Every structure is written in structure tokens, then in C-alpha cells.
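Hello,

Here is the structure we talked about. Please look it over first, then read my notes below.

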Amino acid sequence: MIRYALVLLLSLLFRPVAAQPNCLIYPAGSPERAACELYLQALELPQGSIQSQVYFDRVIALCPTFAPAYHEKSVPFLKRGDFLTWKKLIDEAVRLQPDRYLADRGWCRFKFLRDYRGALADITRLQQLTHNQPGQSGDGSYDLRILAALCQRELGDLRAALTTFDACIADNKTQDRVGLYDYLHRGITKLRLHDYAGALADFKLQRTVNGKLAETDYYTALILRQQHQAGALAHMQSARQLWQQGYRLNDPYMSMPDEISLPDIDRFLQQQ
């Protein structure tokens, strides 16, 4: 598991800004070759600059079916919060090359728009195109099947979510690549189903993957208090300490699924 996490971290650190297409696969002198070569020049420019966006417009003018240009042009709009323009551009990229861009659109729908129904539709379609191996989320944190489970859960279908969690974790477990937060999210799903023993078992597994995570202690404390068992206060105090040390779900852009806040913890402690 540690090796998998390191590989994942390194892949993120050194991942290029955009995938580099091989322009040689297009015939010499074709619009596709010219568009591809111009696209590579555009990638050298600062992302989101007027100059780079003009380059992508020129790529699209040369070859209106060159999907990477639509995708790359869409990214600055997403980061600026212009979701309408982003959606128009990413929709075109998906229309032209669904196997390559459904993952990005689904992940962004989930993360930035909380469009669980749309994200689930994209991931489900991608699973059909990839023999149920849709790949990872844009930030590398999640197997997209885990995201599908989270979508099902947030849409209210807890049983379907649990089935999806189980299938993905079982598949990845055989390859020693269970995700960093998979057991936590499945445990919280069991908590919502009032399967407290199952939730505690998953939180115990979560500690074997990531031993320092405030959310694990926080949700454990909730169950222990609800079940009138000893240890709730100690787990919540641990959650507070871990949270303050930065060992918590955190994302620079948005709140993560099941993320907790310091006021959540303090409210619990004040009630003791």
C-alpha cells in the first residue's frame, strides 16, 4: 500500500500539465498534424493566458475535431468559476473523444458542481467503454468507481452505494491499491445505514491505510457516543489534535466528501 501511495504521489508531482499527443500518428500535411503541432506550441504558453487561448482557437480552426484543444481551452474557465463556458467546451471534447474525457468531466461535475447525477452518468458510461476500469479522479485521490459510490450515496441510494464500494475495494484489494480514503467513506455509508459495527470495522481498516486522519477518529467518536461505549471523548480529542496538525481531508478548491470542521469537533466536546 505504501508503495502504491508513493507511486501515485510521484505521478502527480511530475504529471505534465496536459497529455502530450504524438503528432506523428497523423499523416504529414494533414489538418490533424498541423493542429497537433500547434497544440504542442500552445501548451508551452502559460495556461489561461490570452495568448494560449488564441492558440487553441487557431488549433480548432485548423481541425475542428481535435478534441484536446477543447479540453485544454476549457480548464481556465473551470478554475475561474465560469462553469457554463467550461461545460460547453468539455462537452465538445467528450463528444469527440469520450473514452479520454469522460473521466475529467465526471470528476469535475462531482467536485466543483456537486452534480452527482451527471457525474454518475459519466462514470457509468466510461465503465462501459473501459471494461469497468474507468481509472482515477483528476487529482489521483480516488478510483472513479469510488466516486460513483459517493454519487449514489449522495443521491440517496445507500444500498447501491455500498454495493459499489464493496466491488471496487474488493477489486483493488487484490492489487494492494485500496485508496487512501476508501474505507472511511464506506464506513460513513454504513454509519448512515445504522450498521455501527460495520462502520467501526471499516474505520479500523482505514487506520491500516492512513493511521493519522481526523475524520476517522471523529466518526468513531460519534458511534461510540451513540452506542454509549467508552472512548468517545478520547477519539474526539484525538480528532481535534489531528485536525490542528493538518491530518484531515483537505482540498485547496472545495470541501471534500465527509470532511469535518473544527467547530464540528468543538460542538461535540462542549456537549461532554
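**Salt bridges and burial**

The structure holds 21 salt bridges. Bear in mind that this is a predicted model.

Start with Arg 105 and Asp 122. Their side chains meet in a salt bridge, at 2.8 Å from N to O. Arg 105 lies in helix H6 and Asp 122 in helix H7 (residues 116-129), so the pair ties together parts that are 17 residues apart in sequence. Both ends are covered: Arg 105 is buried, with a relative accessible area of 10%, and Asp 122 is buried at 3%.

Next, Arg 109. Its side chain forms a salt bridge with that of Asp 115 (3.3 Å, N to O). Arg 109 is buried, with a relative accessible area of 11%.

Arg 240 is partly exposed, with a relative accessible area of 25%.

Some bridges share partners. Through them, Lys 87, Asp 91, Arg 105, Arg 109, Asp 115 and Asp 122 are joined into one network.

**A buried lysine**

Lys 111 is found in helix H6 (residues 98-113). Is Lys 111 buried or exposed? Lys 111 is buried, with a relative accessible area of 9%. What does its side chain meet in a polar contact? The partner is the side chain of Asp 251, at 2.9 Å. Neighbours within four places in sequence aside, Lys 111 is in contact with Asp 251, Tyr 253 and Met 254.

**Helix H10**

Helix H10 covers residues 182-192 and is mostly covered itself, with 10 of its 11 residues buried. Among the buried ones are Asp 182, His 185, Arg 186 and Lys 190. Tyr 183, Leu 184, Ile 188 and Leu 191 are buried too.

What covers the buried residues of H10? The cover includes helix H8 (144-154), helix H9 (158-173), helix H11 (196-209) and helix H12 (214-226). Just after H10, check the backbone at His 194: this residue takes a positive phi of about 65°.

Best regards

Key:
Residues are numbered from 1 along each chain as its sequence is written. This is a predicted model: local features need pLDDT of at least 70, side-chain atom pairs count only at pLDDT 80 or more; totals for chains, interfaces and linings use all residues. Side-chain values use heavy atoms; hydrogens and water are left out. Buried means under 20% relative accessible area, exposed over 50%, partly exposed in between (1.4 Å probe, protein chains only). Helices (H or I, at least four residues) and strands (E, at least two) are DSSP runs, numbered from the N terminus. Contact means heavy atoms within 4.5 Å. A polar contact is a pair of N or O atoms within 3.5 Å; within protein, one must be able to donate a hydrogen and the other to accept it, and residues adjacent in sequence count only if both atoms are side-chain atoms. A salt bridge is a side-chain nitrogen of Lys or Arg within 4 Å of a carboxyl oxygen of Asp or Glu.
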